[in-house]
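Me: Could you walk me through this fold? I'll ask, you answer.

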Amino acid sequence: MAKKILVTGGAGYLGTRFVEHLLKDTDRSIIVLDNFSRGRYNFIGPLKRKYPGRIEIAPIDIRDSNHVEELLKKNQGQIDEVVHLAAIVDAFSTNREGKDVECMAVNRDAAIKLAELAKKYRVKKYVHTSTVSLYSQGENLTEDADKKPLSTYGKAKHESEKVLGLADDNFKIVALRPATFVGWSPGFATQTIINLACARAAYDIPLQVFDTALEGNKSYLYLGDHCKAMQFALDNIDKISGQALNVVSFHATQNSIINHKARAQKRSAF
Ligand SMILES: NC(=O)c1ccc[n+]([C@@H]2O[C@H](COP(=O)([O-])OP(=O)(O)OC[C@H]3O[C@@H](n4cnc5c(N)ncnc54)[C@H](O)[C@@H]3O)[C@@H](O)[C@H]2O)c1
């Protein structure tokens with residue numbers, strides 16, 4: 001029987017791009033698990049129609065461990081890989097009272113439970129998604145740099161890396177720490193400055209930025225690069241199991257991003 005890959009958060013910004021990558025570049029069947037709190041059926045629907053029979057949708061909340069377990073049990077022996085992307089992602093909102101508790105429940109507790117259940121139901125390869133936000137700030141950071149998360153989001157992701165302790169000969173697991181995503185996907189999101197600048201430029205809408213934020217260097221990651229990184233992690237997991245690895249495409253200041261946009265506008269004017 002054909003093996004399946006379970007992609008949690010597969011209806012979101014990165015998730016839809018990764019699902020598209022799997023459909024185009026592999027012959028895998030995919031189960032998209034998502035509670036559709038941010039993801040949308042209309043992001044994933046066109047892919048489902050274009051590749052009939054390749055995508056199954058499981059509308060489940062990862063906090064609902066009974067339903068998650070039911071799904072893994074039903075597909076035992078079929079799901080051999082899991083890529084875990086589902087999370088509450090708006091980092092700064094997670095410092096608000098109430099949102100902090102929800103963030104810990106989803107991004108740490110449910111994430112750890114999911115990995116434990118995956119191991120119980122004999123999944124072989126598991127990619128856990130963490131974040132560079134656990135370092136607070138800086139560029140050219142190495143994985144052993146100080147962890148000083150500024151948000152509950154970063155703290156929850158850092159603590160969720162406990163899942164690496166589940167690694168053994170039968171269950172290979174790696175945590176990837178991606179930088180801020182940029183680029184197009186079927187579930188395109190404008191929460192990052194580069195995407196927002198591009199979307200506003202396309203509609204000729206002005207962009208307001210704080211002077212104080214202009215020179216801070218930030219790390220970014222193209223969605224396409226991260227799809228390749230996740231595929232690389234799955235293909236090479238025997239060599240990297242148990243590790244947490246940063247994933248970054250480039251560093252930039254807001255100033256350089258805005259000037260880049262200004263140069264692009266100038267070129268198109270001629
Ligand atoms: N966006 C970034 O710049 C960035 C940077 C570093 C790491 N990450 C991580 O990458 C992953 C994907 O992020 P994204 O930008 O695609 O975010 P996103 O919000 O677009 O996608 C997350 C998906 O998870 C789903 N989800 C949320 N809570 C859920 C729950 N309780 N049960 C089931 N599904 C749930 C949402 O509906 C959404 O489709 C996340 O783990 C995020 O923390 C994102």
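**Fold and sheet**

Me: What share of the contacts with a separation of 6 or more comes from residues 24 or more positions apart?
Reply: Two residues touch if their C-beta atoms, placed from the backbone, lie within 7 Å. This is a predicted model, where local features need pLDDT of at least 70, side-chain atom pairs count only at pLDDT 80 or more, and totals for chains, interfaces and linings use all residues. Numbering runs from 1 along each chain as its sequence is written. In the protein chain, the share for residues 24 or more positions apart is 78%.

Me: How many helices and strands does the protein chain have?
Reply: Both are DSSP runs numbered from the N terminus: helices are H or I with at least four residues, strands are E with at least two. The protein chain comes out with nine helices and ten strands.

Me: What is the order of the open sheet of three strands?
Reply: Strands pair if DSSP finds at least two bridges between them. The edge strands, each pairing on one side only, are strand 7 (180-182) and strand 10 (250-253). With mixed pairing, the order is 7-8-10.

Me: Which residue is the bridge partner of Asn217 in strand 10?
Reply: Strand 8 (residues 217-222) and strand 10 run antiparallel, joined by four bridges. In strand 10, Asn217 is partnered by Thr253.

Me: Which helix packs on the sheet?
Reply: Look for one touching strand 7 and strand 8, its direction about 65° from that of strand 8. Axes are lines fitted to C-alpha atoms, for helices over the stretch in contact, and angles run from 0 to 180 degrees between N-to-C directions. That's helix 7 (residues 223-235).
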